[in-house]
Amino acid sequence: QVQLVESGGGLVQAGGSLRLSCAASGSTASFNAIAWYRQGSGTLRGLIAAIRRDGVTMYEDSVKGRFTISRDNAKNTVYLQINSLKPEDTTVYYCNAGWLTGADYEPADYWGQGTQVTVSS
């Protein structure tokens, strides 16, 4: 079992920045990466970025430039820095445990509860 707890969301004005955190605990050795997703329409969640235990990262093309994923292995925490926030970034952000091979991320069925980001115009 893996437990993931997101934090850091909130209300921010357009153009501002946020840093989201994902604290992982439990059987994290079963996975080699943590990823960030955001809620899309309906039940769909879109992959944003993933980071492997050794620091290798991947990003979806649509978010390159404004989103930065990083991790602190000592704290078992993965971060998502979001700059130049836009109203269309408003949604719930989730972290996920899984496997990153090259540029391909495979999610396991371990999700956090999500953290709400709201960007005002």
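A salt bridge (a side-chain nitrogen of Lys or Arg within 4 Å of a carboxyl oxygen of Asp or Glu) links the side chains of D54 and R52, with an N to O distance of 2.8 Å. The structure is a predicted model, in which local features need pLDDT of at least 70 and side-chain atom pairs count only at pLDDT 80 or more, while totals for chains, interfaces and linings use all residues. Residues are numbered from 1 along each chain as its sequence is written, and side-chain values use heavy atoms, with hydrogens and water left out.

In total, 4 salt bridges were counted by this rule. D54 is exposed, with a relative accessible area of 53% (buried means under 20% relative accessible area, exposed over 50%, partly exposed in between; 1.4 Å probe, protein chains only). A further salt bridge joins K64 to D61, with closest N and O atoms 3.1 Å apart; both K64 and D61 are exposed.

D89 and R66 also form a salt bridge, at 2.8 Å between the closest N and O atoms. Because D89 lies in the loop between β8 (77–82) and β9 (91–101) and R66 in the loop between β6 (57–59) and β7 (67–72), the pair ties together parts 23 residues apart in sequence (strands are DSSP runs of E, at least two residues, numbered from the N terminus). Both D89 and R66 are buried. Salt bridges with shared partners join R38, R66 and D89 into one network.

R19 is located in strand β3 (residues 18–26) and is partly exposed, at 48% relative accessibility. Beyond its neighbours within four places in sequence, R19 is in contact (heavy atoms within 4.5 Å) with S7, G8, Y79, L80 and Q81. The C-alpha atoms of R19 and Y79 are separated by 6.5 Å, although the two residues are 60 residues apart along the chain.

Technical notes:
Helix = DSSP H or I, 4+ residues; strand = E, 2+ residues; numbered from the N terminus.
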